[in-house]
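Here are some notes for a first look at this model. Please read them with the structure open.

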Amino acid sequence: MRVVLAQPRGFCAGVVRAIDIVERALARYGAPVYVRHEIVHNHHVVESLRAKGARFVEDLSEVPAGAITIFSAHGVARGLEQDAQARGLRVLDATCPLVTKVHGQGRRYVGQGRLVILVGHANHPEIEGTMGQIPGPVLLVQTEDDVAALELAADTPVAYITQTTLSVDDTRALIAALKRRFTDIVGPDIDDICYATQNRQSAVRELAKVADVILVVGARNSSNSNRLREIGVEAGVPSYLIPDASGLDEGWVRDADVVGITAGASAPEVSVDDVITALRRIGPVEVSVLPGVEEKVEFRLPAELLHARPASAS
């Protein structure tokens, strides 16, 4: 069996930064530190940090006054920031800088007198945070039908922003529909779309050209991991989303000559290794990596954590 790995795959710079913030906070301040929502959408990452002393909460009322509190990579609404401040919580913000950039874009467009239209998935924590960061009404659209249903005049001054876990390819049709619908519309440059989402989706399309089956390593509640599986299916290749080797069905790969593997932006490489180990139990495996983009992006940590080193770091 040939196993071909997508490149890039797995952790993006925003996820690395978020996990690093939790680990360095534990090193500097000691356990427990409190994390609002899952730091990233991956069970293995969450459980690893929980074992080190992180406590995950959905409501800030669960956090003792004055405790170290970390906001997840997805970002939070302004109201939550104000609540944390009012309760005297010591906040470390692990919001991905690309998500923070979207928040800034939305506020800037409101300042220009425009109505903001957000392209994204309802109930995703990033969407909830973004809508709560913009001081004015924000209209969410998920489909072209949503665009057509907007009860706005064609000459309404509008601006669009997008969820970062959507790629240029994901948003192209919706943005085109918005531009057909409105005569006075602006939006961010394509370069502002999350590089990691686009790169991983492009890599899966390349993987689909050589693989008989694709395994996407990632959590079921991970938006970008689900999209990677969908892209494989759209390319005509049977594709399955699994958290690790425990989700592997031997029947999927038994007759495959080439098994393609990728991983969502919040999935650790150890889970990919786990899947390869499981495949070796089925039969001999030869592993190779497709050529692809080598990501060198790094995001700066909060100043107070720059010199804190987690116990696992050398």
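**Notes on the predicted model**

1. Which strand pairs with strand 6 over five bridges? Strand 8 does: strand 6 (residues 115-119) and strand 8 (residues 158-162) pair in the parallel sense. Within this pairing, Leu118 stands opposite Ile161 of strand 8.

2. Turn to helix 9. This helix covers residues 223-234, which makes 12 residues. From first C-alpha to last, helix 9 reaches 16 Å, close to the 16 Å expected at 1.5 Å a residue. After helix 9 comes Gly236, with a positive phi near 90°.

3. Which residues of helix 9 are buried? They are Ser223, Asn224, Ser225, Arg227, Leu228, Ile231 and Gly232. The cover over these buried residues includes helix 7 (168-181) and helix 8 (195-208). Strand 10 (213-217), strand 11 (239-242) and strand 12 (258-263) are also among the covering elements.

4. Next, the cysteines. How many disulfides does a search of the whole structure find? The search finds zero. Cys12 is in no disulfide, and the nearest cysteine sulfur, that of Cys194, is 6.0 Å away. Cys194 is likewise in no disulfide, with the sulfur of Cys12 as its nearest cysteine sulfur. A disulfide would need the two sulfur atoms within 2.5 Å. Cys12 is buried, at a relative accessible area of 13%. Cys194 is buried as well, at 10%.

5. Finally, the aromatic rings. The count comes to one aromatic pair. The rings of Tyr240 and Trp252 have their centres 3.9 Å apart and their planes at 0°, so this pair is stacked. The pair links distant parts of the chain, 12 residues apart: Tyr240 sits in strand 11, and Trp252 sits in helix 10 (residues 250-253).

6. Are these two residues buried, exposed or in between? Tyr240 is partly exposed because its relative accessible area is 25%. Trp252 counts as partly exposed too, at 26% relative accessibility.

Definitions and conventions. Residues are numbered from 1 along each chain as its sequence is written. This is a predicted model: local features need pLDDT of at least 70, side-chain atom pairs count only at pLDDT 80 or more; totals for chains, interfaces and linings use all residues. Side-chain values use heavy atoms; hydrogens and water are left out. Helices (H or I, at least four residues) and strands (E, at least two) are DSSP runs, numbered from the N terminus. The expected span of a helix is 1.5 Å times one less than its number of residues. Buried means under 20% relative accessible area, exposed over 50%, partly exposed in between (1.4 Å probe, protein chains only). Contact means heavy atoms within 4.5 Å. Two strands pair if DSSP finds at least two bridges between them. Rings of Phe, Tyr and Trp (its six-membered ring) pair if their centres lie within 6.5 Å; planes under 30 degrees apart count as stacked, over 60 as edge-to-face and the rest as tilted.
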